[in-house]
Amino acid sequence: MALKSTNPTTTNSWNKLQSHFKNIEHSHLRDLFNSDINRAKDLTIQWEDFYVDFSKNRVTQETLNLLVELANEVDLKDAISRYFEGDVINVTEGRAVLHTALRTAKDSEVFVDSENVVPGVFEVKQKIKNFTDNVSSGEHKGFTGKAITDVVNIGIGGSDLGPAMVVDSLQFYKNYLNTHFVSNVDGDHHKEIIKNLNPETTLFVIVSKTFTTQETLSNANSIRSWFLESLPQDAISKHFVAVSTNINSVKAFGIDENNIFPMKDWVGGRFSLWSAVGLSISLALGYDHYESLLNGAYKMDEHFKTASFNENIPVIAALLTIWYNNFFNAESEVIIPYTQYLNQFATYLQQGIMESNGKSVDRDGNSVSYQTGTIIWGEPGTNSQHAFFQLIHQGTKLIPADFIGFVKSLHGNSDHHDKLMSNYFAQTEALMNGKTKKEVLQELQGQGLSDNKIKALLPFKIFEGNKPTTSILIDKLTPASLGKLIAMYEHKIFVQGVIWNIYSYDQFGVELGKQLAKTILNELNDKSKSNPHDASTQGLVDFYRKNS
Ligand code: F6P
């Protein structure tokens, strides 16, 4: 069964939210805190090793009640059941959306076309475990009898971003295998990576759900040719494995059947790191850490399924995005992890969030009359403080921010960690409180400046504040806590899609450019060919053809 279709703007709660918005639009967070001594406590959710403080958002209890009413009016509860139970909620592609089945308990049952898919999930997990153990123990040797030292993941989009982000984020837990990621069709990219590799000790993991993606197949072909310059065809089976739903094409590429790690079409590319797409994660971290990552996500799944909406971390996070996006007209959201380990986290979420909810047609096929998917960006703190924070503090745009921090550092350097975390706390405090005219005046007077100088400087030194932030404070960066965090954002995406009444799990928007690139590639390969283009594109193609 598909999801119900309700235009959110026609609900009673949406109307009430509009009136309510007029009442609180200009309320300052400082005043909201002053008028409610329980605010911080009431708007914080403590769950497992997560302390999530929503109180620095421009909401009151009434706002949250109305947002929850909206969630109820569009029947979010029913949508959640359909999502987890394997209903065909990806209607436009005729598929279930079951990344949650990849991390569920062994004895649970999830049916697709009347078949319980859980035993199949565990079979693939066992295959991942066996292969990981064989490679990392040195039992699996390369063709010339040498142990594997390097793993190269060849994939793009969801077949790259998830594994690359997780391996980088959890590098503290890594084993001795060096892991590399080739994604861009830019030939310089894979050349830079393979130039220092020894084919005799390298394992290539080709990851492509469809096994039709131009970038991945081009990179795989070029790398195979490079490999065959040093080793014979027979060596392929020791050095190339693949992850895909398209078993025939993988075999046609020359990969041994035993070296194929299958995945199912009910796993969306951007949600696939929990499937065999995570093979590189398992190889890099060891299977047990990979399993902990999945277990962490499973715990978040259970929380999302069972917690009441006002105690539900992904639900509240999603509702806040709706509030800022559709009432305050905020266009973007920034994600700032206070750990260098999560350097690739925002990039990863860009695909998850923007490929899912960047839609302008509702579930009835009509153009929407309201805003949907937000623009996602971000970089770790404190680096980002020295880059774009100026605009968040004193610019003209409202940019809700997620601040992700950890109580414990991994290497235990408390001097640095206290400095890092003091910035984490200080920034949300500064964004919320700002600095009033009175405070600036006192400060400048304290510095002994002349009245004229103070008058000239004063307007530039004022911080309006009232900038919303959510603080996600986690005990420690571990495979399990990262699993929980990723799953939190996955469910946030789902809730937003349900409320915006869009289909979050297709991505037709990426197709047009791919089609046109094929046509243009023919023209670049064969200069006698030409197709009609607009004058600008034609000029660019001609210039390239003349000078390349
Ligand atoms: O960019 C579009 C997309 O289809 C993504 O959704 C997907 O993650 C990526 O391409 C890679 O696709 P595949 O795994 O089939 O090579």
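Strand 13 (residues 469-474) is mostly covered, with six of its six residues buried, where buried means under 20% relative accessible area, exposed over 50% and partly exposed in between, using a 1.4 Å probe and protein chains only. This is a predicted model, so local features need pLDDT of at least 70 and side-chain atom pairs count only at pLDDT 80 or more, while totals for chains, interfaces and linings use all residues. Residues are numbered from 1 along each chain as its sequence is written, and side-chain values use heavy atoms, leaving out hydrogens and water. Helices (H or I, at least four residues) and strands (E, at least two) are DSSP runs, numbered from the N terminus.

- Strand 12 (residues 401-406) pairs with strand 13 in the parallel sense over six bridges; two strands pair if DSSP finds at least two bridges between them.
- Ala 401 stands opposite Thr 469 of strand 13.
- Strand 2 (residues 50-53) runs antiparallel to strand 13, joined by four bridges, and Phe 50 has Ile 474 as its bridge partner.

**Helix 7 against helix 15**

- The axes of helix 7 (residues 161-169) and helix 15 (residues 345-357) come within 9 Å and cross at roughly 155°; axes are lines fitted to C-alpha atoms, for helices over the stretch in contact, with angles from 0 to 180 degrees between N-to-C directions.
- That angle makes helix 7 roughly antiparallel to helix 15, because angles over 145 degrees count as roughly antiparallel, under 35 as roughly parallel, 65 to 115 as roughly perpendicular and the rest as oblique.
- Leu 161, Gly 162 and Met 165 of helix 7 meet Phe 345, Thr 347, Tyr 348 and Gln 351 of helix 15, contact meaning heavy atoms within 4.5 Å.

**Thr 216**

- Where does Thr 216 sit, and is this residue buried or exposed? Thr 216 is found in helix 9 (residues 214-228) and is buried, with a relative accessible area of 2%.
- Not counting residues up to four places away in sequence, Thr 216 touches Ile 154, Gly 155, Ile 156, Ile 206, Val 207 and Ser 208.
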